[in-house]
Protein chains: 2
Amino acid sequence: MSAEIICVGTELLLGNILNSNSQYLAIELAKLGIPHYYQTVVGDNPQRLKHVIEIASQRAEILIFTGGLGPTPDDLTCETIADVFGVPLVERPEIIEDIARKFQQRNRTMTPSNRKQALIPKGAEILPNPTGTAPGIIWQPRPGLTIFTFPGVPSEMQRMWEETAVPYLKSQGWGKEIIYSRMLKFWGIGESALAEKVAAYLKLPNPTVAPYASKGEVKLRVSAKATSETEAQELIAPVEKQLQEIAGLDYYGADDDTLASVVGHSLRKTGETLSVAESCTGGGLGQMLTEVSGSSDYFWGGIISYDNSVKERLLGVNPEDLAKFGAVSTTVAEQMALGVRSRLGTSWGLSITGIAGPGGGTQTKPVGLVYIGLAGPNGVESFEYRFGTGRSRSFVRHLSACTALDLLRRKLLTR
Amino acid sequence: MSAEIICVGTELLLGNILNSNSQYLAIELAKLGIPHYYQTVVGDNPQRLKHVIEIASQRAEILIFTGGLGPTPDDLTCETIADVFGVPLVERPEIIEDIARKFQQRNRTMTPSNRKQALIPKGAEILPNPTGTAPGIIWQPRPGLTIFTFPGVPSEMQRMWEETAVPYLKSQGWGKEIIYSRMLKFWGIGESALAEKVAAYLKLPNPTVAPYASKGEVKLRVSAKATSETEAQELIAPVEKQLQEIAGLDYYGADDDTLASVVGHSLRKTGETLSVAESCTGGGLGQMLTEVSGSSDYFWGGIISYDNSVKERLLGVNPEDLAKFGAVSTTVAEQMALGVRSRLGTSWGLSITGIAGPGGGTQTKPVGLVYIGLAGPNGVESFEYRFGTGRSRSFVRHLSACTALDLLRRKLLTR
């Protein structure tokens, strides 16, 4: 008994988008203990899709389709599946009602082409789509074969998978042996350095420990095979604790934790507040902080001082210092942090000024040079970083905002 | 005549890595004008790999394999391919020499298992790997079928593709006809509505036109087959112009254009400047604007007024209005836009205040309710949006910032 993932869309064959749906579903199938041996990508072409369905239905018992459920004429997944199994499509009024309601909520008018999305194979169950207009199906066209369809939009697909497909598969007996993982997150240490520190753990059989690196962050995935989440957690807990101890302050959180959320957690505990002054990140630090629901408890706001006039007028940065040291300097970073803290009346003020590139670098102040200022109850500090001249504007900005949050995180833990 | 991409690796089936090789090869095949209709992922299992090769060799004339060329016992691509076509493997001394030399350069000792990498099907050409130890092959096991193998490591695969596979394919006559695409971008119209407006174009043979939707944005990909980029551009240009005319103001740009970059382009032309006041987006609007290199020419900065005290103190929002109408109201949006415009001294002030969720919604002010204020030389306006209660915090914030940019874009084009 195995599953097969079939992603439908010419945009995948043209390389317009990366196939992240396959990876998501692969991880999810592993979590439920459902083996899967093949993934196929095929374009929006009914003959070729038919060919793929015929092959897959001979070698797998669960077929999972993504893509091709939209309202346009090239979206053909549902009708092609029905065609392969010789079953007619029927219009389901509850789908039309749902689509009409969603259009109304968004003050848009439903178009006739959306009616197409209400056609599903006779006998199939509707797999509801809480956010988008395209519902999926759960269908057994013959005994021993179950078909799931999902739209290609990852956020819609994932929510439908979690809310409907997973409970359904569990009700069919899957998920009894599960793989449960915790993702431990680290900032301020490289992947190879962390891997060397925890080398002995990378050979464990259960739980397994595997390192990953992405966007300046290093992660260790700790995965246990067990018959229940509780049993898996019991296997993981002691290993996780040891890994945290080895990493010390470089460990910052697990799973859904972000640098912004752990900073927020610390601030909330002491009832302190935070404001930010951003130059090269242009709002990205504030955005990270406010991505956390409930951040208004401790984050009051900030000043985006992209132009020097804003640094002077709204943050009180000294024009002479700006002229003498330049906007990208330790002095200006400190004055920005002090300025935002006093003007907004918060416990802490965090500032960033730097050269994100690709232009604007000089011999002495290259692209990637960033100063971070931190003003708090006991005064102000500043820190210099050189993130490298070869990195993209977007990555330098990302590293700058994360590093600023990490500095505050360490300060709150060690003061 | 078409190609098929076959990625071999259990790590892909477990979701440990994202299949970026498929996307890279898909783009490259399109550039060379080589059609490709299927992509398959299969694990490190000889029976299943054999099954995949048998199917693929019946429906494609060029098979491109990635992965499974390493020195460990589970790397089986080369021997399985040879097995399918009944050809023995032969050890190639030049490969052993190359591997030995690379180990020496890195001060490491070659292991016996690396000898395995020197075994390739009899009659196959070596596809050299300049950086790693695993070479690929170019092989015609029978007339009309060409097989390429590459290691799974993207950097190695890409260099081998560029340096050897592309010249080989060009020598076989490929690359004379190329596929060139332009991605046209739209905001403020749904996918189905746009598809209906341009329905006639979706049936064109060359260039083809296909709609996509992602994160609130709708795109039309216009792709032309031609013998050169210039010829393709000439085929695309008139269709692109007609599509733009049909879409009117809903069309905002193409390819690398973003809402922020086209707003910036308009502002730069007139020498005007912009500042922002953000509540629920918390800096996200500023971040989008400053993601554009050179945005300091027209974007001066902003105020993140997450807490009401900041709205009052730094933006001059009237406390009585805040109490009477609430922070999420047309009045407050307008006062925020006026406040930031006057305090920063810019031509335009753009504000956002709303309920991003998941908490904070009420019957009259549900999650997804957002007000956008726009203050300019001729006064202030505000706009109400209801992005729906079912959408994530992150998506509501994204839609809010994009919609604000779109409002300003339209204003600058139509005043």
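The model is predicted: local features need pLDDT of at least 70, side-chain atom pairs count only at pLDDT 80 or more, and totals for chains, interfaces and linings use all residues. Residues are numbered from 1 along each chain as its sequence is written, chains are lettered from A and ligands numbered from 1 in the order in which they are written, and side-chain values use heavy atoms, with hydrogens and water left out.

**Chain A overall**

- Chain A holds 14 helices and 17 strands; helices (H or I, at least four residues) and strands (E, at least two) are DSSP runs, numbered from the N terminus.
- The C-alpha trace of chain A spans about 80 × 55 × 40 Å along its principal axes.
- Of the 415 residues in chain A, 55% are buried; buried means under 20% relative accessible area, exposed over 50%, and partly exposed in between, with a 1.4 Å probe and protein chains only.
- Among contacts in chain A with a separation of 6 or more, 67% are between residues 24 or more positions apart; a contact means heavy atoms within 4.5 Å.
- Chain A has an accessible surface of about 16,800 Å², and carbon and sulfur atoms make up 51% of that surface. Accessible areas come from the Shrake-Rupley method with a 1.4 Å probe, and for residues only the protein chains shown count as cover.
- There are 41 positive and 43 negative side chains in chain A, and the centres of the two sets are 3 Å apart. Lys and Arg count as positive and Asp and Glu as negative, while His and the chain ends are not counted. Each charge is placed at NZ of Lys, CZ of Arg, CG of Asp or CD of Glu.

**Helix H9 of chain A**

- Helix H9 (residues 259-270) of chain A has 12 residues and should span 16 Å at 1.5 Å a residue; its end C-alpha atoms are 17 Å apart, which agrees. The expected span is 1.5 Å times one less than the number of residues.
- Buried residues in H9(A) include Leu259(A), Val262(A), Val263(A), Gly264(A) and Leu267(A).
- The cover over the buried residues of H9(A) includes strands E12 (251-254), E13 (274-278) and E15 (348-354), as well as helices H10 (284-290) and H14 (393-414), of chain A.
- Just after H9(A), Gly271(A) has a positive phi of about 70°.

**Nonpolar cores**

- In soluble globular proteins, nonpolar side chains tend to be buried together.
- The largest nonpolar core has 68 residues, of which Leu285(A), Leu350(A), Leu285(B) and Leu350(B) touch the most other members. A nonpolar core is a set of buried Ala, Val, Leu, Ile, Met, Phe, Trp, Tyr and Cys residues joined through side-chain atoms within 4.5 Å.
- Beyond its neighbours within four places in sequence, Leu350(A) contacts residues including Leu274(A), Val276(A), Leu285(A), Ile372(A), Leu405(A) and Leu408(A).

**Backbone exceptions**

- Most residues other than glycine have a negative phi, and most peptide bonds are trans.
- Gly357(A) and Pro358(A) are joined by a cis peptide bond with omega of about -5°, and Pro358(A) sits in the loop between E15 and strand E16 (369-376) of chain A.
- In chain B, a cis peptide bond joins Gly357(B) and Pro358(B), with omega about 0°; Pro358(B) is in the loop between strands E15 (348-354) and E16 (369-376) of chain B.
- Asp255(A), not a glycine, has a positive phi of about 55°. Asp255(A) lies in the loop between E12 and H9 of chain A and is partly exposed at 28% relative accessibility.
- Asp255(B) has a positive phi near 50°, is in the loop between strand E12 (251-254) and helix H9 (259-270) of chain B, and is partly exposed at 29%.

**Single residues**

- Thr66(A), in strand E3 (residues 62-66) of chain A, is buried because its relative accessible area is 2%. Contacts of Thr66(A) outside four places in sequence include Ile6(A), Val8(A), Leu25(A), Phe150(A) and Met157(A).
- Leu243(B), in helix H8 (residues 229-247) of chain B, is buried at 0% relative accessibility. Leaving aside neighbours within four places, Leu243(B) contacts Leu184(B), Val198(B), Tyr201(B), Val209(B), Leu220(B) and Val222(B).
- Val380(B), in strand E17 (residues 379-386) of chain B, is partly exposed at 28% relative accessible area.
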